[in-house]
Amino acid sequence: RTVSQLYNVMISMYFFLAMWAYASVFSNALVGEIPLFDNSLGDYNVFTLIFALIVVPLSCMELREQVGLQVFLSVCRVVMAILMVVTLLAGDNGNNSGSNLSEAGFDGA
């Protein structure tokens, strides 16, 4: 019984800290890209609230209820991967000799 309780505490801490990390990454990424207010702390709080509004209801759903959403998100992942490969190949323009970083503004300085 004690081992089971310890396991439950440890797994709960893991999930809590994982969600904290995901919220932090989500909020920090959006603060840098989509400024809403003059201070980044206000932006961070807004994006953390948006993350919570999405994740908390999903956390309360049973797996059977999430099937449609999970299939949709899986399709989106495949589409994003295909788009990344296509844009990489389109940007290559048939030049297989390697990239010329100085033309791109990266002169090593």
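Which residues of α1 are buried? Keep that in mind while we set up.

This is a predicted model, where local features need pLDDT of at least 70, side-chain atom pairs count only at pLDDT 80 or more, and totals for chains, interfaces and linings use all residues. Residues are numbered from 1 along each chain as its sequence is written, and side-chain values use heavy atoms, with hydrogens and water left out.

**Stop 1: the whole chain**

Show the protein chain as a cartoon. You'll find three helices and zero strands, running α-α-α from the N terminus on. Helices here (H or I, at least four residues) and strands (E, at least two) are DSSP runs, numbered from the N terminus.

Of the 109 residues, 9% count as buried. Buried means under 20% relative accessible area, exposed means over 50%, and partly exposed is in between (1.4 Å probe, protein chains only).

**Stop 2: helix α1**

Select residues 2–33, which is α1. Its 32 residues should span 46 Å at 1.5 Å a residue, and the end C-alpha atoms are 47 Å apart, which agrees. The expected span is 1.5 Å times one less than the number of residues.

Back to the opening question: Ala 18, Ala 23, Ser 27 and Val 31 are the buried residues of α1. What covers them includes α2.

Zoom in on Ser 27, which sits in helix α1. Ser 27 counts as buried because its relative accessibility is 0%. Setting aside neighbours within four places in sequence, Ser 27 touches Tyr 44, Phe 47 and Thr 48; contact means heavy atoms within 4.5 Å.

**Stop 3: a nonpolar patch**

Next, select Leu 6, Val 9, Met 10, Met 13, Phe 16, Leu 17 and Trp 20. Together they form a nonpolar patch on the surface with about 760 Å² of accessible area. Like charges are joined within 9 Å, and nonpolar side chains (Val, Leu, Ile, Met, Phe, Trp, Tyr) within 5 Å.

Click on Val 9, in helix α1: Val 9 is partly exposed, with a relative accessible area of 44%.

**Stop 4: aromatic pairs**

The structure holds three aromatic pairs. Rings of Phe, Tyr and Trp (its six-membered ring) pair if their centres lie within 6.5 Å; planes under 30 degrees apart count as stacked, over 60 as edge-to-face and the rest as tilted.

Start with Phe 16 and Trp 20. Their ring centres are 5.8 Å apart and their planes are at 70°, so this pair is edge-to-face. The two are four residues apart in helix α1, so about one helical turn separates them. Both Phe 16 and Trp 20 are exposed.

Now select Phe 26 and Phe 51, a tilted pair with 5.3 Å centre to centre and 45° between the planes. This pair links distant parts of the chain: Phe 26 is in helix α1 and Phe 51 in helix α2, 25 residues apart. Phe 26 is partly exposed at 27% relative accessible area, while Phe 51 is buried at 14%.

**Stop 5: helix α2**

Finish by selecting residues 40–60, helix α2. Its 21 residues should span 30 Å at 1.5 Å a residue, and the end C-alpha atoms are 30 Å apart, which agrees. Look for Gly 42, Asp 43, Phe 47, Phe 51 and Val 55, which are buried. The buried residues of α2 pack against α1.

How values were computed. Patch = residues over 30% accessible without salt bridge, like charges linked within 9 Å, V, L, I, M, F, W, Y side chains within 5 Å. Areas by Shrake-Rupley, 256 points an atom, 1.4 Å probe, with all protein chains shown as cover. Salt bridge = Lys/Arg side-chain N within 4 Å of Asp/Glu carboxyl O.
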